[in-house]
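Me: Can you walk me through this one? I'd like to start with the charged side chains and then move on to the fold.

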Amino acid sequence: MKSSSPRNIMKYNGSEFSPNDADVTYHNWMLTYPSALTSIEQIVNNTKGKRISLFLDYDGTLSPIVDNPDHAFMSNAMRAAVRNVAKCFPTSIISGRSREKVRKFVGLKELYYAGSHGMDIMCLVQSPAYHTTKVPNYIFFA
Ligand SMILES: O=P(O)(O)OC[C@H]1O[C@H](O[C@H]2O[C@H](CO)[C@@H](O)[C@H](O)[C@H]2O)[C@H](O)[C@@H](O)[C@@H]1O
């Protein structure tokens with residue numbers, strides 16, 4: 001009975017489609033955890049007057065998931081994006097990998113690194129003068 005019941009029509013990017021179970025699960029998940037990209041205005045409002053620090057995961061976030069963990073390389077475009085955002089905010093990488101391994105993969109000395117799921121943390125010795133770069137408006141309205 002359940003499989004023959006008519007399904008609701010969903011809309012995505014202006015197109016209508018009949019969702020399967022994975023679509024429905026994803027849709028419900030997105031209601032609970034909306035994408036930051038569709039909530040930029042709300043995020044900006046919530047951060048007004050606050051100091052911002054960015055914490056990033058490595059595998060599956062900065063790098064693609066691949067079969068061989070030693071080949072989980074980050075693209076140069078991603079590295080440039082992280083380098084740029086670190087000019088605006090203190091930026092940390094937190095990984096399940098060893099701290100040295102993830103630091104070598106990322107290769108940016110201006111970041112903080114936490115390895116072994118946060119058990120091994122390396123801080124910057126120098127005061128982060130480079131965080132003073134003004135955040136460009138286009139980040140907020142992209
Ligand atoms: O906290 P993360 O930085 O996301 O690290 C979590 C684990 O990532 C690595 O394993 C995962 O990525 C591999 C490469 O894409 C993939 O082959 C593996 O199946 C994934 O589980 C890393 O090897 C682990 O040590 C980290 O704990």
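Reply: A salt bridge here is a side-chain nitrogen of Lys or Arg within 4 Å of a carboxyl oxygen of Asp or Glu. The model is predicted, so local features need pLDDT of at least 70 and side-chain atom pairs count only at pLDDT 80 or more, while totals for chains, interfaces and linings use all residues. Residues are numbered from 1 along each chain as its sequence is written, and side-chain values use heavy atoms, with hydrogens and water left out.

Me: OK, how many salt bridges does that rule give?
Reply: Five salt bridges. One of them joins glutamate 100 to arginine 103, with the closest N and O atoms 2.9 Å apart.

Me: Where do glutamate 100 and arginine 103 sit relative to each other?
Reply: Both are in helix H4, three residues apart, so about one helical turn separates them. Helices (H or I, at least four residues) and strands (E, at least two) are DSSP runs, numbered from the N terminus.

Me: What else does glutamate 100 meet in a salt bridge?
Reply: Arginine 99, at 3.3 Å from N to O. Salt bridges link Arg99, Glu100, Arg103 and Asp120 in a network.

Me: Buried or exposed, what's arginine 99?
Reply: Arginine 99 is buried, at 18% relative accessibility. The cut-offs are under 20% relative accessible area for buried, over 50% for exposed and partly exposed in between (1.4 Å probe, protein chains only). Glutamate 100 is partly exposed at 33%, and so is arginine 103 at 30%.

Me: Which residues of H4 are buried?
Reply: Arg99, Val102, Phe105 and Val106. Looking down the axis of H4, they fall within an arc of 130°, so they line one face of the helix. That arc is taken from the directions running from the helix axis to the C-beta atoms.

Me: And what covers them?
Reply: The cover includes H3, S4, S5 and S6, with contact meaning heavy atoms within 4.5 Å. H4 (residues 99-106) lies across S4, strand S5 (112-115) and S6, running at about 135° to S5. Axes are lines fitted to C-alpha atoms, for helices over the stretch in contact, and angles run from 0 to 180 degrees between N-to-C directions. Just after H4, glycine 107 has a positive phi of about 70°.

Me: Switching to the sheet, what's the strand order?
Reply: It's S3-S4-S5-S6, an open sheet of four strands with mixed pairing. Two strands pair if DSSP finds at least two bridges between them. S3 (54-57) and S6 (120-122) are at the edges with a single partner strand each, so one side of each has no neighbour in the sheet. On average, neighbouring strands are turned by 20° against each other, direction ignored.

Me: How many bridges join S3 to S4?
Reply: Four, and S3 runs parallel to S4 (residues 91-94). Leucine 54 is opposite threonine 91 in S4.

Me: Back to charges, what does aspartate 59 form a salt bridge with?
Reply: Arginine 97, with the closest N and O atoms 2.6 Å apart. Aspartate 59 is in the loop between S3 and helix H3 (76-88) and arginine 97 in the loop between S4 and H4, so the pair ties together parts 38 residues apart in sequence. Arginine 97 is buried at 13%, whereas aspartate 59 is partly exposed at 26%.

Me: Last one, how many disulfides?
Reply: Zero, by this rule: a disulfide is a pair of cysteine sulfur atoms within 2.5 Å. Cysteine 88 is buried at 11%, and cysteine 123 is exposed at 53%.
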